[in-house]
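Let's take a look at how charged side chains pair up in a protein model. Have the sequence and the structure open while you read.

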Amino acid sequence: MRTRDALVGAARRIFERDGYLDARIVDIAAEAGVATGSFYTHFTSKEDVFAAVLARLQDEMLHAGVSDGSDDGGRKDLWRGVEDANRAYLESYRRNAGLMAAMEQAAAVDPQFVRVRLERSRVFIDRSAATITRLQQSGLADPELDPDITARALSAMVSRLAYVTFVLGESVPLDTLVETVTRLWTNALRMPRD
């Protein structure tokens with residue numbers, strides 16, 4: 001188990017450093033301090049170990065959902081819930097920018113990782129759609145919006161902005177990103193400010 005964990009940790013570092021396309025099994029094994037043959041005791045391929053790396057990443061990237069204010073009864077906390085969720089996602093994306101870039105590369109060449117990427121997105125979309133539905137039912141969001149399509153659009157906006165900022169290197173301060181996507185998110189839903 002320790003060898004497998006060492007390989008997954010080493011693979012993460014290699015994928016972050018070299019990207020998915022240029023990562024090599026021999027480099028992963030060397031980074032883990034094991035023989036290349038040991039790699040094949042635990043994984044069948046580069047794709048297999050990358051899937052294990054992404055499985056660990058999935059848990060970290062799933063952030064708390066947006067509060068609908070029902071627990072504390074305060075509308076002013078609605079914006080705070082959206083802001084907190086956006087900040088958590090953007091901070092996690094920034095920490096994991098190398099892996100996010102590698103996942104984009106992998107999805108461009110391997111249908112397996114297209115599915116992984118879509119499944120990952122679906123978790124965020126489902127969570128956001130459920131929150132939008134609750135907000136609509138409470139009279140706190142535009143009732144004419146389709147929750148699923150709206151969640152897809154908002155999720156795409158935030159994730160693509162994170163990619164452009166943290167992977168492609170567009171320089172935007174984190175607080176400015178959080179404030180802007182929160183305002184766009186809440187304005188799109190026509191959520192009350194207070």
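E104 and R117 form a salt bridge, with their closest N and O atoms 2.4 Å apart. (A salt bridge here is a side-chain nitrogen of Lys or Arg within 4 Å of a carboxyl oxygen of Asp or Glu.) E104 sits in helix α6 and R117 in helix α7, so the pair ties together parts that are 13 residues apart in sequence. Helices are DSSP runs of H or I with at least four residues, numbered from the N terminus.

Keep in mind that this is a predicted model: local features need pLDDT of at least 70, side-chain atom pairs count only at pLDDT 80 or more, and totals for chains, interfaces and linings use all residues. Residues are numbered from 1 along each chain as its sequence is written, and side-chain values use heavy atoms, leaving out hydrogens and water.

How many salt bridges turn up in the whole structure? The search finds 13. Here are three of them:

| Pair | N to O distance |
|---|---|
| E104 and R117 | 2.4 Å |
| E31 and R13 | 2.8 Å |
| R12 and E16 | 3.2 Å |

E31 in helix α2 and R13 in helix α1 are 18 residues apart, so this pair links distant parts of the chain. R12 and E16, on the other hand, both lie in helix α1, 4 residues apart, about one turn of the helix.

Finally, R122, D126, D148 and R152 are linked in a salt-bridge network.

Methods:
Helices (H or I, at least four residues) and strands (E, at least two) are DSSP runs, numbered from the N terminus.
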